[in-house]
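Biologist: I am new to this structure and would like to learn how to read it. Could you take me through it one feature at a time?

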Amino acid sequence: ILLPRAVLPLSLYSSMYVTVNSRSLMNFLSLRTKREDSAFPSFPQREIEMCAEKMEDLWATLMPMTHAAFAANGRVAP
């Protein structure tokens, strides 16, 4: 098995486009962010956690009521 980051240069950047619904995003965030107030503990790798944190910040500005309900529910999707 060949890992791309083992053979690609460090200066190479990548980008992506993501489409997701709120429920799937909540599931992703509950698995890929480490928070003390989570109902279920998660221990993600730092690279994906950084991506998830940026996604959550954007989502919180776009859908503040849904984000607040997610946080109040122990970071568990309904």
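Modeller: Buried means under 20% relative accessible area, exposed over 50%, and partly exposed in between, with a 1.4 Å probe and protein chains only. Before we go on, note that this is a predicted model, where local features need pLDDT of at least 70 and side-chain atom pairs count only at pLDDT 80 or more, while totals for chains, interfaces and linings use all residues. Residues are numbered from 1 along each chain as its sequence is written, and side-chain values use heavy atoms, leaving out hydrogens and water.

Biologist: Which residue forms a salt bridge with Glu53?

Modeller: A salt bridge is a side-chain nitrogen of Lys or Arg within 4 Å of a carboxyl oxygen of Asp or Glu. Here the partner of Glu53 is Arg46, with the closest N and O atoms 3.3 Å apart. Arg46 also meets Glu49 in a salt bridge, at 3.2 Å from N to O. Arg46 and Glu49 are about one helical turn apart because they lie three residues from each other in helix α3. Arg46 is partly exposed at 44% relative accessibility, whereas Glu49 is buried at 11%.

Biologist: How many salt bridges does the structure hold?

Modeller: There are four. One of them joins Arg75 to Glu56, with 2.8 Å between the closest N and O atoms. This pair links distant parts of the chain, 19 residues apart: Arg75 sits in the segment after α4 (64-72), and Glu56 in helix α3. Both Arg75 and Glu56 are buried. Through shared partners, salt bridges join Arg35, Glu56 and Arg75 into one network.

Biologist: Now the helices. How many does the protein have?

Modeller: Helices (H or I, at least four residues) and strands (E, at least two) are DSSP runs, numbered from the N terminus. This protein has four helices and zero strands, so α-α-α-α is the order of its elements from the N terminus on.

Biologist: Which residues make up the largest nonpolar core?

Modeller: In general, nonpolar side chains in soluble globular proteins tend to be buried together. A nonpolar core is a set of buried Ala, Val, Leu, Ile, Met, Phe, Trp, Tyr and Cys residues joined through side-chain atoms within 4.5 Å. The largest one here has seven residues: Leu25, Met26, Leu29, Ala52, Trp59, Phe70 and Ala77. Helices α2 and α3 each supply at least two residues of this core, and the largest share, three residues, comes from α2.

Biologist: What does Leu29 touch?

Modeller: Contact means heavy atoms within 4.5 Å. Not counting residues up to four places away in sequence, Leu29 touches Ala52, Glu56, Trp59, Phe70 and Arg75. Arg75 is also touched by Ser38, which contacts Gly74 as well, with the sequence neighbours up to four places away again not counted. Ser38 lies in the loop between α2 (22-32) and α3 (46-62) and is buried, with a relative accessible area of 14%.

Biologist: And what can I say about the protein as a whole?

Modeller: Of its 78 residues, 22% count as buried. The C-alpha atoms fill a box of roughly 45 × 25 × 20 Å along the principal axes. Among contacts with a separation of 6 or more, 52% come from residues 24 or more positions apart.
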